[in-house]
Amino acid sequence: MSSEDAHMTNSSSAPPPLPSDDEPKYGGYTRFELELEFVQSLGNPYYLNHLAARKLLSNPQFVAYLDYLQYWTRPPYLKYLTFPGPTLKSLQLLQTERFRQDIISPDLVNVLVQEGMKAAVEWHRET
């Protein structure tokens, strides 16, 4: 079973509790840690393309899991995202069927990568 499959089958409808010392571990990591790592990986256009190539983005269970991950857009979870801009943008785009179909295109992946690099340069100029 892949990590994506584990996410789909092991998630409940409620967000995971915030980290605590007594939380159960899965492979040495808490559910919170696993979901945080996964949701942050969605900010990578190449990873989104990989998910599309594996046909996960057309799997209704996986699409439901992406909807479940919307809790990361709200406090207190939001503050744990390292790069909230690209992560939340991708999570929002993944809610649409059209984007889930189109991300298979290397051209779209390249556009997203270029936009991300441009945004990073702009951000550094402002700080």
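Visitor: How much space lies in the largest pocket?

Guide: About 630 Å³. Keep in mind that this is a predicted model.

Visitor: And how do you find empty space like that?

Guide: Rolling a probe the size of a water molecule over the atoms shows where empty space is left.

Visitor: Which residues lie nearest the centre of the largest pocket?

Guide: Those are G43, F83, G85, P86 and G116, part of a lining of 22 residues. The elements giving two or more residues to that lining are α5 (84-93) and α7 (106-126). The biggest share comes from α7, with nine residues. Sorted by type, the lining of the largest pocket has 11 nonpolar, nine polar and two charged residues.

Visitor: Let's take a residue of α5. Why is T87 called buried?

Guide: Buried means under 20% relative accessible area. T87, which lies in helix α5, has a relative accessibility of 2%, so T87 counts as buried.

Visitor: What is T87 in contact with, leaving aside its neighbours within four places in sequence?

Guide: With V39, Q40, G43 and L81. L81 lies in the loop between α4 and α5.

Visitor: Then is L81 buried or exposed, and how do you know?

Guide: Its relative accessible area is 7%. The cut-off for buried is under 20%, so L81 is buried as well. Setting aside neighbours within four places in sequence, L81 is in contact with L36, V39, Q40, W72, T87 and L88. If you look for M117, its C-alpha lies 18 Å from that of L81, and the two are 36 residues apart in sequence.

Visitor: What makes the peptide bond from P75 to P76 stand out?

Guide: That bond is cis, with omega near 5°. You'll find P76 in the loop between α4 (60-68) and α5.

Visitor: Now for helix α3. How do you know that its buried residues are on the same side?

Guide: First, the list: P45, Y47, L48, L51 and A52 are the buried residues of α3, which runs over residues 45-53. They cover an arc of only 160° around the axis, so they sit on the same side of α3. As a rule, an α-helix has 3.6 residues a turn, so residues three or four places apart point the same way.

Visitor: What makes N44 a cap for α3?

Guide: A side-chain oxygen of N44 lies 2.8 Å from the backbone nitrogen of Y46. A polar contact needs N or O atoms within 3.5 Å, and this pair caps the N-terminal end of α3.

Visitor: What follows α3?

Guide: K55, with a positive phi. That phi is near 65°, and K55 is a residue other than glycine. K55 lies in the loop between α3 and α4.

Visitor: Why is K55 called exposed?

Guide: Exposed means over 50%. K55 has 59% relative accessibility, so K55 counts as exposed.

Visitor: How do you know whether H124 is buried or exposed?

Guide: H124 has a relative accessible area of 53%. Exposed starts over 50%, so H124 is exposed. H124 belongs to helix α7.

How values were computed: Residues numbered from 1 in each chain as written. Predicted model: local features only at pLDDT ≥ 70, side-chain atom pairs only at ≥ 80, totals over all residues. Heavy atoms only, no water. 1 Å grid on protein atoms, 1.4 Å probe; cavity = no way out; pocket = protein on both sides within 12 Å on 5 of 7 lines; lining within 4 Å. Points joined across faces, edges and corners; volume = space filled by probe spheres on them. Helix = DSSP H or I, 4+ residues; strand = E, 2+ residues; numbered from the N terminus. Nonpolar A, V, L, I, M, F, W, Y, C, P; charged D, E, K, R; others polar. Buried < 20%, exposed > 50% of the residue type's maximum accessible area, 1.4 Å probe, protein only. Arc of directions from axis to C-beta. Polar contact = N/O pair within 3.5 Å; in protein donor to acceptor, adjacent residues only side chain to side chain. Contact = heavy atoms within 4.5 Å.
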